[in-house]
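Here is a short briefing for a reader new to this structure. Look at the sequence and the model, then read on by topic.

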Amino acid sequence: MSKFVIVIPSYNSSSYVEDCLKSVLNCRKIELVDKVLLMDDASKDNTIELAEKTWNYSKIPLVIHKNETNLGQWPNKNKALSLIRPQYDWMLLLHADDLVREDWVDAMLKSIDDADWEPDVIFSECSHIQPDGKISHRVGFTESMNLNIHRASASEEVRSALYRGCYWRISGSAFQLSVFDEVGEFSNKYPYAGDYYWFLRFLSKGKKVAYLPMSLLINRNHESSVAGQAHRSDTDIREFLAILSEYQEYVPKKYVLSNHIKKSVYVLRRIIGDSGRGVFKTFPMHMSTFSFILKNFIQAVSGRKQLD
């Protein structure tokens with residue numbers, strides 16, 4: 001019988017960890033999980049105290065591991081992997097600022113048991129909590145995707161992910177832990193897009209992903225999130241183009257070049273937006289991003305062998 005562990009990475013999550021843990025406690029079939037591991041990355045607030053106070057389910061232990069120093073989000077996840085392998089078979093990963101719906105555990109475990117083929121990663125649809133508290137739902141996603149059917153070609157899988165972007169959301173996903181033996185752990189090369197980078201490597205190894213067309217995760221959008229910080233610093237643009245450059249042999253050259261032009265427009269929009277708000281200190285950063293895009297564009301134009 002498979003053993004399951006929920007891993008919740010956290011860092012200065014005092015504003016969110018209570019709601020996160022309460023949503024986990026509210027899940028149906030939570031009793032089938034063997035342990036919940038809170039991986040605290042040397043928080044400076046009272047995240048741990050709030051977590052201990054919130055967790056009131058004695059049948060399943062909440063184990064808290066606090067790093068002595070801040071490792072960063074991907075090394076922190078890798079540290080968690082070192083603590084749970086090989087004694088567990090599956091990891092359900094949830095970021096401390098997100099919430100899950102009551103069907104999350106039940107749906108994930110059923111998918112593991114009932115799948116005609118054994119997936120290596122399972123993810124679901126998600127909703128979003130905006131800073132004003134409103135919940136929005138992604139529209140049109142399910143109609144355009146059928147990820148339950150694994151394509152025969154690993155290169156086709158990678159090519160599809162490059163075209164779609166990071167359609168997979170790491171928070172709320174279930175991982176068969178043995179997959180890390182072949183794919184490897186998360187890389188800190190891309191502090192923001194490490195999930196996308198890992199997922200492309202995962203697909204290139206011919207691993208299988210299952211998609212549940214139901215909203216099981218509620219992602220919280222806020223200014224202090226990794227995504228919010230990456231957006232303000234242009235890290236999202238830089239890392240996407242750097243990853244695309246690494247995998248450019250999978251897609252036509254015109255796609256690589258058009259994405260450089262598209263990202264240049266994004267930067268221009270950010271400059272206009274910042275200027276409209278009277279924020280001018282970001283101008284040197286945005287110009288540096290323009291320089292980065294131009295350099296990558298020239299390298300892409302110079303030519304390379306394309307993958308068949």
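**Arginine 28 and its salt bridge**

Arginine 28 is partly exposed, with a relative accessible area of 39%. The model is predicted. In it, the side chain of arginine 28 meets that of aspartate 103 in a salt bridge, at 2.0 Å from N to O. Arginine 28 sits in the loop between H1 and E2, and aspartate 103 in the loop between E5 and helix H4 (104-114), so the pair ties together parts that are 75 residues apart in sequence. Aspartate 103 is also partly exposed, at 28% relative accessibility.

**Other salt bridges**

- The count of salt bridges comes to 11.
- Lysine 207 and glutamate 182 form one of them, at 2.8 Å from N to O.
- Lysine 207 lies in the loop between helix H7 (194-204) and strand E9 (209-220), while glutamate 182 belongs to helix H6 (residues 179-183), so this pair ties together parts that are 25 residues apart in sequence.
- Lysine 207 is buried, with a relative accessible area of 17%.
- Lysine 189 forms a salt bridge with glutamate 246, and their closest N and O atoms are 2.6 Å apart.
- Here lysine 189 is in the loop between H6 and H7 and glutamate 246 is in helix H9 (residues 235-246), so the pair ties together parts that are 57 residues apart in sequence.
- Glutamate 246 is partly exposed, with a relative accessible area of 31%.
- Salt bridges with shared partners join Arg28, Glu102 and Asp103 into one network.

**A buried charge without a salt bridge**

- Aspartate 97 is in the loop between strand E4 (90-93) and strand E5 (99-100).
- Aspartate 97 is buried, yet it has no salt bridge.
- The nearest side chain of opposite charge is that of arginine 220, 6.2 Å away.
- Leaving aside residues up to four places away in sequence, aspartate 97 touches Tyr16, Arg220, His222 and Ser225.

**Backbone points to check**

- Most residues other than glycine have a negative phi, and most peptide bonds are trans.
- Asparagine 12 has a positive phi of about 45° although it is not a glycine.
- Asparagine 12 is found in the loop between strand E1 (4-10) and helix H1 (17-25).
- The relative accessible area of asparagine 12 is 32%, which makes it partly exposed.
- Lysine 29 is not a glycine either, and its phi is positive, near 65°.
- The place of lysine 29 is the loop between H1 and strand E2 (35-40).
- Lysine 29 is partly exposed, with a relative accessible area of 36%.
- The peptide bond that joins arginine 85 and proline 86 is cis, with omega at about 5°.
- Proline 86 lies in the loop between helix H3 (73-84) and E4.

**A helix residue**

- Alanine 227 is in helix H8 (residues 226-233).
- With 43% relative accessibility, alanine 227 counts as partly exposed.
- Alanine 227 and valine 251 are 24 residues apart in sequence, and their C-alpha atoms are 26 Å apart in space.

**The protein as a whole**

- The protein has 11 helices and 9 strands.
- Its radius of gyration is 20 Å, close to the 19 Å that the globule rule gives for 308 residues, so the protein is as compact as a globular protein of that length.
- The C-alpha trace spans about 60 × 50 × 35 Å along its principal axes.
- Of the 308 residues, 50% count as buried.
- Take the contacts between residues at least 6 apart in sequence: 81% of them join residues at least 24 apart.
- The accessible surface comes to about 14700 Å², and 52% of it belongs to carbon and sulfur atoms.
- The protein has 39 positive and 38 negative charges, and the mean positions of the two sets are 6 Å apart.

Key:
Residues numbered from 1 in each chain as written. Predicted model: local features only at pLDDT ≥ 70, side-chain atom pairs only at ≥ 80, totals over all residues. Heavy atoms only, no water. Helix = DSSP H or I, 4+ residues; strand = E, 2+ residues; numbered from the N terminus. Buried < 20%, exposed > 50% of the residue type's maximum accessible area, 1.4 Å probe, protein only. Lys, Arg positive; Asp, Glu negative; His and termini not counted. Salt bridge = Lys/Arg side-chain N within 4 Å of Asp/Glu carboxyl O. Contact = heavy atoms within 4.5 Å. Rg over C-alpha atoms; globule rule 2.2 N^0.38 Å. Areas by Shrake-Rupley, 256 points an atom, 1.4 Å probe, with all protein chains shown as cover. Charge placed at Lys NZ, Arg CZ, Asp CG, Glu CD.
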